[in-house]
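This report describes selected helix, strand and side-chain features of the structure shown below.

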Amino acid sequence: MASDSVQAAHLDSTAFVNGSRKSLFGLDAAALSAVMTEMNEPVWRGRQIADALYRQWIEELSAITTLPATLRARLAEAAWQVGRPRIAQIYRSHDGTERYLVEGQAQNDTVETVWMPEGDDGEAGDGSEDEITPGTPSVPPIHAERAGMTESGAPSFPRLQAERVGVAEPVRRRRATICVSSQVGCAVNCRFCLTAKLGLQRNLTAGEIAGQVISALARHGVAMG
């Protein structure tokens with residue numbers, strides 16, 4: 001997610017209607033500002049909604065407390081809802097992989113999203129192997145201390161200094177992968193695949209794709225930088 005809330009919200013430019021309800025999730029900042037203009041509200045209210053949806057990951061209209069209660073009530077009366085795709089079912093594998101059945105913004109549409117939690121501690125040469133984040137205390141390898149170097153080859157003084165002042169030993173960041181769907185159904189027609197039996201129904205909106213990512217991140221409490 002981009003740090004700028006406007007850039008982070010550049011998704012669909014039109015509302016997705018689910019029955020009689022209209023979804024705010026999936027509208028970009030300009031479209032959200034246009035909704036506010038139609039309601040005789042200042043355009044910066046649209047940026048507040050974008051921030052709530054795409055940075056704070058708020059799921060209910062009533063929880064967007066940066067908006068006045070009266071405006072939230074007016075949005076609800078006008079049939080607006082957050083409308084973020086919701087995880088309907090979860091299937092967990094023994095290795096920690098989770099498969100989600102995610103409801104689309106259209107009625108009766110479901111797609112599959114997969115969370116694969118096991119990272120590789122960084123790939124050689126991409127720089128991520130040196131990224132660290134605070135973690136639980138651990139004892140550094142004895143051979144590294146004797147040589148005066150860490151396992152990565154950097155001087156061990158910062159590590160030993162951290163231990164002396166009681167700071168927890170840093171641990172490497174771990175990676176996870178989110179596999180998202182971009183269509184309802186599939187046109188490839190592989191015989192072994194149940195999804196192929198549906199045929200290609202439609203492409204997902206950008207909001208529906210982004211919603212899969214945010215739902216998985218929110219479920220696992222991933223903090224974005």
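In helix 7, the residues G207, E208, A210, G211, Q212, I214, S215, A216 and L217 are buried. Buried means under 20% relative accessible area, exposed over 50%, and partly exposed in between, with a 1.4 Å probe and protein chains only. Helices (H or I, at least four residues) and strands (E, at least two) are DSSP runs, numbered from the N terminus. The model is predicted: local features need pLDDT of at least 70, side-chain atom pairs count only at pLDDT 80 or more, and totals for chains, interfaces and linings use all residues. Residues are numbered from 1 along each chain as its sequence is written, and side-chain values use heavy atoms, with hydrogens and water left out.

Helix 7 comprises 14 residues, 206-219. From its first C-alpha to its last it reaches 20 Å, close to the 20 Å expected at 1.5 Å a residue; the expected span is 1.5 Å times one less than the number of residues. Just after helix 7, G221 adopts a positive phi of about 65 degrees.

## Salt bridges

Side chains of opposite charge can pair when their charged atoms come close. A salt bridge is a side-chain nitrogen of Lys or Arg within 4 Å of a carboxyl oxygen of Asp or Glu. Eight salt bridges are found in a search of the whole structure, including those tabulated here.

| Pair | N to O distance |
|---|---|
| D51 and R55 | 3.6 Å |
| E59 and R84 | 3.4 Å |
| R86 and E103 | 2.8 Å |

E59 is partly exposed at 48% relative accessible area, while R84 is buried at 12%.

The salt bridge between R86 and E103 also links distant parts of the chain, with R86 in strand 4 and E103 in strand 5, 17 residues apart. R86 is partly exposed at 45% relative accessibility, and E103 is likewise partly exposed at 30%.

## E98 and the salt-bridge network

A network of salt bridges links R92, E98 and R219. E98 lies in strand 5 and counts as buried, at 2% relative accessibility. Its side chain makes a polar contact of 2.6 Å with the side chain of R92 and another of 2.8 Å with that of R219. A polar contact is a pair of N or O atoms within 3.5 Å; within protein, one must be able to donate a hydrogen and the other to accept it, and residues adjacent in sequence count only if both atoms are side-chain atoms.

Leaving aside residues up to four places away in sequence, E98 touches I90, Y91, R92, T113, V114, W115, R219 and H220. Contact means heavy atoms within 4.5 Å.

Strand 5 and strand 6 (residues 110-116) run antiparallel and are joined by six bridges; strands pair if DSSP finds at least two bridges between them. V114 in strand 6 is the bridge partner of R99. Strand 6 is also joined by three bridges to strand 9 (residues 177-179), again antiparallel, and here V114 stands opposite C179.

T97 is found in the loop between strand 4 (86-92) and strand 5 (98-103). Although T97 and M116 are 19 residues apart in sequence, their C-alpha atoms are 4.8 Å apart in space. Beyond residues up to four places away in sequence, T97 touches Y91, R92, V114, W115, M116 and P117.
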